[in-house]
Amino acid sequence: MLLYILGMVGIAAFAITGVISSGKRDMDLFSVALIGMVTSLGGGTIRDVILGVDEVYWVKDPSYLWVAFLSSAFAFFAVRIIEDRQQVFHYADSFGLALFTVIATQRVLALGFSPMIAITMGVITGVAGGIIRDVLSHRPPLILGREFYATPAFLGSLLFVILQKNIPHHEYNSIYAASLIFILRLFAIHKGLYYPSWLLYKKK
Amino acid sequence: MLLYILGMVGIAAFAITGVISSGKRDMDLFSVALIGMVTSLGGGTIRDVILGVDEVYWVKDPSYLWVAFLSSAFAFFAVRIIEDRQQVFHYADSFGLALFTVIATQRVLALGFSPMIAITMGVITGVAGGIIRDVLSHRPPLILGREFYATPAFLGSLLFVILQKNIPHHEYNSIYAASLIFILRLFAIHKGLYYPSWLLYKKK
Amino acid sequence: MLLYILGMVGIAAFAITGVISSGKRDMDLFSVALIGMVTSLGGGTIRDVILGVDEVYWVKDPSYLWVAFLSSAFAFFAVRIIEDRQQVFHYADSFGLALFTVIATQRVLALGFSPMIAITMGVITGVAGGIIRDVLSHRPPLILGREFYATPAFLGSLLFVILQKNIPHHEYNSIYAASLIFILRLFAIHKGLYYPSWLLYKKK
């Protein structure tokens, strides 16, 4: 139940980033909402299709569709009164990354796959929505930036797998793991957290 | 049968837009045809994969492959004598959008899904091919423009669902719905049809 | 067994191209590795999802994940001592294109599909990873260039289908077909091999 609500919150957060990122002057509500929906539903769709589940999650439970559409529509109007869109964008993106990564990890583990598959799918689900959004908005994906992006997702997913193994079914495991991702990502944005130099890509 | 033929016409129309959009000076026939095929088959492939049908439509019936390839090859040569490529591009894109949206809506309804899933998948299928094309051609997706794009697809899909409910199995329901999309889109292109200002995205 | 090893080599080759292509100054190991993994695993994932196999290949056999990750990590450090990254990129890309096309053709034939589906899926699998890579790196896809790209993949896939029909189960059929693709592609890069003028796209 907690995971279900967190999933909905993650959908809403990513939908908002889609709207802020793709919104161009004079685009209409429906086009913007469609990008918001694709951003927020895309990652989990890729996850479910790769895992070959019987029905993609939002086909099975259309409440996800409604949440994605209504959050996009809400964001469409709300951006008019937001002072610092870039900041809201980064917070919502970090929040969505945290929730989607952990929920996907949990879902894949629950389907009986190995921890390695669960972590891989967790990270892919977490970052995929944002990549789709950035490609659709015709700008370089956020993940290509200098700050930590894949690393927090990886560490949070790993933490969740370890917690589930040692204190199984503990209600707050997902909260702990998602918090780790969110906090690391916020540090990366505000403090420019990144690796020691020898772990950074070198141009000659 | 009517839907089958309309499907083929839609494939051909989208293949032509793929060729016009991606064609760069001195690209060869096969590379251009591949982009044409991906554009025209992409939307329906995403639809079938998300719905988890047993076999994607063009794997089941390779005639679609042939139509996609031959229309692309035809367009490859035909562009040499077309006066106004941009106009042909927009007409073919509107035509493909209209047909794909309605056919997908019909297909999803026939599989027993709810109207809401049918409309969502209809719109996604209609716009997905064009988005793939624009991303591959490395230019901003058409859907990010100012004119109506997602809205006509949504309205046409909605009309089809309403017609099917009230006059089921009527042969021309799909024609009526597709015509609505095509006409609204033509108005958008030629007359700059768009929403009242408060339904447009605002930059601060 | 030979195909299994070739598959792994192909994964490694494409992972390296992903790293070279997406690597920007100061990106970290994990982000770069993720792009490398998506590049190398993407084509086959699309193939398996479209064919509707029970389990995508790297979910069934996670060794592929390890090879993709370790080659990406290796490439991340190795680029520091490579003199001519562009040349390594093109060789690795040609190598990956050759192997992936042939392996996909073989796999689809073995699943009982027709030669036409096998060739189509072979070419799509071969070029898809590179297209994903180029879109993620935010640059025009290699396939949009002037030199042969889809054509060698098509001819190699066709050769493999013909060989399998006439000398079935011959161990080296895949080697012959992959060599044809690799050699044609090298010719295209170094000698500017392309079609006669009437088979090239014309701008008016």
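What follows is a chat about the chains of a predicted model and how they touch.

Colleague: Before we start, what kind of model is this, and how are residues and chains labelled?
Modeller: This is a predicted model, in which local features need pLDDT of at least 70 and side-chain atom pairs count only at pLDDT 80 or more, while totals for chains, interfaces and linings use all residues. Residues are numbered from 1 along each chain as its sequence is written, chains are lettered from A and ligands numbered from 1 in the order in which they are written, and side-chain values use heavy atoms, with hydrogens and water left out.

Colleague: OK, how many residues of chain B are in contact with chain A?
Modeller: Counting contact as heavy atoms within 4.5 Å, 35 residues of chain B meet 35 residues of chain A.

Colleague: And what area do chain B and chain A bury between them?
Modeller: Chain B and chain A bury about 3,100 Å², with 69% of it on carbon and sulfur atoms; buried area here is the accessible area (1.4 Å probe) that two parts lose on being put together, summed over both.

Colleague: How many salt bridges and polar contacts are there across that interface?
Modeller: The rule finds zero salt bridges between chain B and chain A, where a salt bridge is a side-chain nitrogen of Lys or Arg within 4 Å of a carboxyl oxygen of Asp or Glu. For polar contact, the rule finds one residue pair across the interface of chain B and chain A, both at pLDDT 80 or more. A polar contact is a pair of N or O atoms within 3.5 Å; within protein, one must be able to donate a hydrogen and the other to accept it, and residues adjacent in sequence count only if both atoms are side-chain atoms.

Colleague: Which elements of chain B give two or more residues to the side that touches chain A?
Modeller: Those elements are helix 2 (29-51), helix 6 (115-136) and helix 7 (150-166) of chain B, and helix 6 gives the most, with nine residues. Helices (H or I, at least four residues) and strands (E, at least two) are DSSP runs, numbered from the N terminus.

Colleague: How do the residues on that side of chain B divide by class?
Modeller: The side of chain B that touches chain A has 24 nonpolar, five polar and six charged residues; Ala, Val, Leu, Ile, Met, Phe, Trp, Tyr, Cys and Pro count as nonpolar, Asp, Glu, Lys and Arg as charged, and the others, Gly among them, as polar.

Colleague: Last topic: where does UniProt place the "Glycine transporter" domain in chain A?
Modeller: The unreviewed UniProt entry places that domain at residues 5-78 and 91-164 of chain A, though UniProt annotations may be inferred rather than shown by experiment, feature names are shortened, and positions are given in the numbering used here. In the model, residues 91-164 of chain A are 77% helix and 0% strand, with end C-alpha atoms 27 Å apart.
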